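Subject: Structure for your review

Dear colleague,

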Amino acid sequence: VVLTGANILNPHVAAYSSSLVFMSYTDSWSNFFLLEPVPPPLSNLTATVSHSEVKLTWKAPLYDGNSTITAYKIYRGTSNDSLEVMATVNGSVTEYLDDNVTAGEKYYYAVSAVNSFAESNLSEISSIDVQQESQSVPSLALVGTIGSAVMAVLIASVIWVKYRRRK
């Protein structure tokens with residue numbers, strides 16, 4: 001259903017659910033549609049990885065479909081066409097931490113907004129590679145510093161021993 005011109009009740013409404021109620025209206029409209037507004041897809045979904053966890057952040061939609069956003073559904077898959085709901089968070093939350101990831105895997109994420117009428121379309125898909133954790137290796141500067149300190153102690157010990165023997 002596309003509404004144009006004077007029939008648009010709210011220019012911010014971008015999508016509607018498919019349940020329509022037909023009513024008779026005696027004004028300029030011969031058929032009046034009662035439409036349930038759906039929030040638009042949210043934007044700016046970003047995924048970052050740290051310590052084998054993926055952090056998702058997003059911005060709430062500018063328009064909520066005339067009904068408060070009650071939840072966000074987080075979708076995840078190992079390809080962009082295998083997304084499934086993995087979690088649902090409160091509508092006041094705009095981030096999620098996925099700590100159930102495997103190093104070396106690539107994950108695809110999308111999020112939808114839910115109000116009392118319906119669920120929005122999915123956001124744009126964000127993908128991220130979870131890298132292998134690198135082994136902690138001591139810095140060469142630290143090794144050099146420790147080596148220098150050990151050498152200084154040895155030299156001081158040799159000098160002290162030589163000095164003690166002279167007496």
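The notes below go from the whole chain to its sheets and then to its core.

Please bear in mind that this is a predicted model. The protein chain contains 1 helix and 11 strands. Along the sequence these follow the pattern β-β-β-β-β-β-β-β-β-β-β-α. Of its 167 residues, 28% count as buried. The accessible surface amounts to about 11,600 Å², and carbon and sulfur atoms account for 54% of that area. Where contacts link residues at least 6 apart in sequence, 54% of them join residues at least 24 apart.

Strand 10 (residues 106-114) and strand 11 run antiparallel and are joined by 4 bridges. Within this pairing, Tyr109 stands opposite Ser126 of strand 11.

Another open sheet has 3 strands in the order 5-6-9, again with antiparallel pairing. Strand 5 (43-50) and strand 9 (95-98) each have a single partner strand, so one side of each is left without a neighbour in the sheet. The twist here averages 15° from one strand to the next. Strand 5 is joined to strand 6 (residues 53-59) by 6 bridges, the two running antiparallel. Val49 stands opposite Val54, which lies in strand 6.

As to the interior, nonpolar side chains tend to be buried together in soluble globular proteins. The largest nonpolar core in this model has 18 residues, and those with the most contacts inside it are Val54, Leu56, Trp58, Tyr72, Ile74, Tyr109 and Val111. Strands 5, 6, 7 (71-77), 8 and 10 each give two or more residues to this core. The largest share, 4 residues, comes from strand 10.

Which residues does Trp58 contact, leaving aside its neighbours within four places in sequence? Among them are the core residues Tyr72, Ile74 and Val111. The contacts of Trp58 also include Leu42, Ser43, Asn44 and Leu45, together with Val89, Val93, Thr94, Glu95 and Tyr96.

With kind regards

Note on methods:
Residues are numbered from 1 along each chain as its sequence is written. This is a predicted model: local features need pLDDT of at least 70, side-chain atom pairs count only at pLDDT 80 or more; totals for chains, interfaces and linings use all residues. Side-chain values use heavy atoms; hydrogens and water are left out. Two strands pair if DSSP finds at least two bridges between them. Buried means under 20% relative accessible area, exposed over 50%, partly exposed in between (1.4 Å probe, protein chains only). Contact means heavy atoms within 4.5 Å. Accessible areas come from the Shrake-Rupley method with a 1.4 Å probe; for residues, only the protein chains shown count as cover. Axes are lines fitted to C-alpha atoms, for helices over the stretch in contact, and angles run from 0 to 180 degrees between N-to-C directions. A nonpolar core is a set of buried Ala, Val, Leu, Ile, Met, Phe, Trp, Tyr and Cys residues joined through side-chain atoms within 4.5 Å.
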